[in-house]
Amino acid sequence: MLDLQYKPVLLDGVVDLADNPTPDAEWFDAYRRRGGYRTLEKVLHTMTPAEVVECVKASGLRGRGGAGFPTGVKWGFLPKDSKLPVYLVCNGDESEPGTCKDRPILEQRPHLLLEGIAISAYAIGSHTAFLYIRGEYFHAIEVMNRAIEEARARGVLGLHVLGTDFSLDIVVHSGAGAYICGEESAMLNSIEGRVGWPRLRPPFPAQKGLYGCPTIINNVETLAKVVPILERGPEWFHSLGTERSGGFRIYSVSGHVKRPGNYEAPMRITLRQLIYDLAGGIRDDRPLKAVIPGGSSVPILTADHLDTQMSFEGVEEAGSLLGSAATIVFDDTVCMVWAARNMAQFYRHESCGQCTPCRQGTAWLYKILDRIESGRGRLEDLDLLQNIPTKIEGRCVCALGDAACAAVKSGLHYFRREFEQHIERGRCPFEKPYTQFV
Amino acid sequence: MTMHEPYYLSLQRRKWLTSLARRYPQRRSIALPAVWAVQYDWGFIPAPAIEEIAEVVGITPAAVREIVTFYSMFREAPVGRYLIGVCGTLSCALCGAEGLLDYLQEKLGIKPGETTPDGLFSLEVMMCLGACAWAPAMLVNQRIHVRLTRTRVDEILAWCRENA
């Protein structure tokens, strides 16, 4: 059982967009006064880049964007003998439905992120880092640009970082409304000034990435965590979580809970603790019907999975994926066909159009789900819904198509009866809306 | 070939883009910033601006057109003074986004994709805005508004009218 007395490290109590116990943390002086950039100073003066990589490896930190790849191991993939420059790209495209954890870091803890980027860039030998922020995050872009200017004026970024030989420029690159640009290779194309089409791999970005040079792409939360890891040591971080899921993470809890928000918790927390202890339980104390544990791209779970540990391995064991750790909660009033249609609509809109199976398949999934939800479904449609994913999965350049199938497949698996009822009755059996707009 | 005089991209914008280009290893990386610059100044990307952007960035007009049409925030036609983008994705949809959209349609008398006759408001349904835990949410031009209610929407619309 997890001790819920855990004190948040990254967000120190920023659960709501409106709370911010340390509003001045977005300014350089206040950040510095609280010990900010001391870890960077320590790293630059006392550690070699290889030691930083080892430290991050030992911490068990895994990527917080969705795939969960071990960060230190990823850094280790860079070629050792390359004459080409190395680029670091920080992924702040945060567009996975349900996910809103990077927003408070970008908007309220910009210098923490810059410090994390700087330490990581030093570790991998990069002198130019790009921070890609989705176009809709206007405020985050403004805050980060201002923070970079401040840090540069104070000698924390630029030619001689904190008086050392290490130099670093960080460039904010704004997206313009494309979910696919959160996919790492599409993001590289977007930074290069092209449309955001994912690239075929191999070659992997660590070998041949941005401008054809070795490139490391890490999520905002991942890079922000490098700071406390280097400050307090890898053992401290690792011991918070489990053997295979080191440390803590920010869970965005949304949907039908009493206190939705961003909850930072050790990765030993269970789904039940997250929903009932931290997020206050289901609204009006209704029964829980379903949960999506890692953003809309992962399979749905049900109330039977409440004792799932919210670690990578725990959620996998339950038959889903931890993804971006965005937990979307449904109470018993929600129609699963309606929910699947909403997600299908999203993926249809966001499919980049490069690969036929995804472009066509996501459109078909939406069309069929829309037909069932609006009472025009046929029983054969259920076979079609089961068949279409087999024509998409594993047949495209990136995983967007696979992601689009997750909700449909798991929805049919757990709630097939609901789909059938829609078809038999020729209408949706649920009452709408699920939440009155008052 | 005649070079375009600064028109859609002002001299000041061009200077800024040139200094930005120095921070990227390749000049074509300023393609998105250049399109953004035109949209900030003009509210949309007028068709004749494409060639000027292409020239400044150093890519073909087709490549610029590709970017303008690929990224959904770039607009090829003007919108109202305030563009209201209602988040329609799952977390918001669970928490009343459909009602929010209905309410806005009723208050403004327009459907998504339309602009009010006075040119003040345009309405759009957007994909996930990353405000999932504070649903329902909408973007008004550059600003995100969260945990919306009828009263809050009334206040926001009134503020927009006063400050137009």
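Q: How far apart do the C-alpha centres of domain 1 and domain 2 of chain B lie?
A: In this predicted model, the C-alpha centres of domain 1 of chain B and domain 2 of chain B lie 29 Å apart.

Q: And which residues belong to each domain of chain B?
A: Domain 1 of chain B covers residues 11–70, while domain 2 of chain B covers residues 82–163.

Q: What box do the C-alpha atoms of chain B fill, and how much of the chain is buried?
A: Along the principal axes, the C-alpha atoms of chain B fill a box of roughly 55 × 35 × 25 Å, and 53% of the 164 residues of chain B count as buried.

Q: Let's move to helix α3 of chain B; why is it called largely enclosed?
A: Helix α3 of chain B spans residues 49–57, and seven of its nine residues are buried, so the helix is largely enclosed by the rest of the structure.

Q: Which residues of α3(B) are the buried ones, and what covers them?
A: The buried residues of α3(B) are B:A49, B:I50, B:E52, B:I53, B:A54, B:V56 and B:V57, and their cover includes α1 (11–21), α2 (31–42) and α4 (61–70) of chain B.

Q: What follows α3(B)?
A: The helix α3(B) is followed by B:G58, which has a positive phi near 90°.

Q: Changing topic, which residues touch the most other members in the largest nonpolar core?
A: In the largest nonpolar core, which has 115 residues, A:F330, A:L385 and B:Y71 touch the most other members. Helix α16 of chain A, residues 400–425, gives the largest share of this core, with 10 residues, and at least three residues come from each of domain 1 (11–70) and domain 2 (82–163) of chain B.

Q: What does B:Y71 touch?
A: Leaving aside residues up to four places away in sequence, B:Y71 touches A:Y132, A:A176, A:G177, A:A178, A:C181, A:S190, A:R194, A:V195, A:G196 and B:L32.

Q: Where are the cis peptide bonds at A:P433 and B:P136?
A: One joins A:K432 and A:P433, with omega about -5°, and A:P433 is in the segment after α16 of chain A. Another joins B:A135 and B:P136, also with omega about -5°, and B:P136 sits in the loop between β2 (121–126) and β3 (138–140) of chain B.

Q: What about phi at A:Y211 and A:A325?
A: A:Y211 is not a glycine, yet its phi is positive, near 50°, and A:A325, also not a glycine, has a positive phi of about 60°. Most residues other than glycine have a negative phi.

Q: Where do those two lie, and are they buried or exposed?
A: A:Y211 lies in the loop between α8 (184–191) and β4 (215–219) of chain A, and it is buried, with a relative accessible area of 12%. A:A325 is in the loop between α12 (312–317) and β9 (326–331) of chain A, and A:A325 counts as buried at 0% relative accessibility.

Key:
Residues are numbered from 1 along each chain as its sequence is written. Chains are lettered from A and ligands numbered from 1 in the order in which they are written. This is a predicted model: local features need pLDDT of at least 70, side-chain atom pairs count only at pLDDT 80 or more; totals for chains, interfaces and linings use all residues. Side-chain values use heavy atoms; hydrogens and water are left out. Buried means under 20% relative accessible area, exposed over 50%, partly exposed in between (1.4 Å probe, protein chains only). Domain bounds come from an automatic or database domain assignment. A nonpolar core is a set of buried Ala, Val, Leu, Ile, Met, Phe, Trp, Tyr and Cys residues joined through side-chain atoms within 4.5 Å. Helices (H or I, at least four residues) and strands (E, at least two) are DSSP runs, numbered from the N terminus. Contact means heavy atoms within 4.5 Å.
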